[in-house]
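Hi everyone, thanks for making time today.

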Amino acid sequence: MIQRIARPLATMMAVLATLFALCGPSLARADELPTFKLEMNNGKLNPARIEVPAGKRIKIEVHNTGTNAVEFESLQLRKEKVLAPGAQSFVVIAPLQPGEYKFFDDFHQQAQGVIVAK
């Protein structure tokens with residue numbers, strides 16, 4: 001009886017070990033993405049223009065240094081991220097074709113920016 005349980009359990013453990021081995025490198029690559037920083041502060045963006053490499057996934061770290069909530073939003077990129085005052089987060093963007101992609105702070109409409117893929 002123990003052999004009937006042990007053999008399937010050993011097989012399942014081997015399959016799980018293989019899956020973890022295959023997924024490990026892809027998890028490490030997420031940290032290796034070209035990363036760009038964006039500061040949002042009560043209706044101001046710094047920088048308002050972010051130049052990124054075309055054809056590569058990128059990561060944008062968004063920091064809300066203001067006293068009001070902000071929302072990073074890009075209709076073209078189909079991304080949005082709401083941050084409370086003092087919060088920080090990130091968005092990962094799929095490889096972009098060369099061009100310009102607008103983003104803005106949805107809570108402060110005057111805060112307009114652009115991501116330029118070259």
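**Starting from Leu45**

Let's begin with Leu45: setting aside residues up to four places away in sequence, Leu45 touches Leu38, Glu39, Met40, Phe103, Ala111, Gln112 and Gly113, where contact means heavy atoms within 4.5 Å. Before going further, a word on the ground rules: this is a predicted model, so to speak of local features we need pLDDT of at least 70, side-chain atom pairs count only at pLDDT 80 or more, and totals for chains, interfaces and linings use all residues. Residues are numbered from 1 along each chain as its sequence is written, and side-chain values use heavy atoms, with hydrogens and water left out.

Back to Leu45, which sits in strand β2 (residues 44–46). Strands here are DSSP E runs of at least two residues, numbered from the N terminus. Leu45 is buried, with a relative accessible area of 14%; buried means under 20% relative accessible area, using a 1.4 Å probe and protein chains only. Leu45 and Phe104 are 59 residues apart in sequence, yet their C-alpha atoms are 8.5 Å apart in space.

Gly113, one of the contacts of Leu45, lies in strand β9 (residues 108–117). Is Gly113 buried or exposed? Gly113 is buried, at 9% relative accessible area. Beyond four places in sequence, its contacts are Leu45, Ala48, Tyr101, Lys102 and Phe103.

Another residue of β9 is His108, and His108 also counts as buried, at 13% relative accessibility. The side chains of His108 and Asp105 are joined by a polar contact of 2.7 Å. That term means a pair of N or O atoms within 3.5 Å; within protein, one must be able to donate a hydrogen and the other to accept it, and residues adjacent in sequence count only if both atoms are side-chain atoms.

Now the sheet. Strands of a sheet pair through backbone hydrogen bonds, either parallel or antiparallel. Here, an open sheet of five strands has the order β3-β9-β8-β5-β6, with mixed pairing; two strands pair if DSSP finds at least two bridges between them. At the edges stand β3 and β6 (79–83), each with a single partner strand, so one side of each has no neighbour in the sheet. From one strand to the next, the twist averages 20°, with axes fitted as lines to C-alpha atoms and angles running from 0 to 180 degrees between N-to-C directions.

How many bridges join β3 to β9? Four, and the two strands run parallel. Opposite Ile115 in β9 stands Ile50.

β1 and β4 are parallel over six bridges, and β4 and β7 are antiparallel over six bridges.

Last stop, the core. The largest nonpolar core has 21 residues, and Leu38, Ile50, Val52, Ile60, Ile93, Leu96 and Ile115 touch the most other members. Such a core is a set of buried Ala, Val, Leu, Ile, Met, Phe, Trp, Tyr and Cys residues joined through side-chain atoms within 4.5 Å. At least two residues of this core come from each of β1 (35–41), β3, β4 (58–64), β5, β7 (88–93), β8 and β9.

Conventions: Buried means under 20% relative accessible area, exposed over 50%, partly exposed in between (1.4 Å probe, protein chains only).
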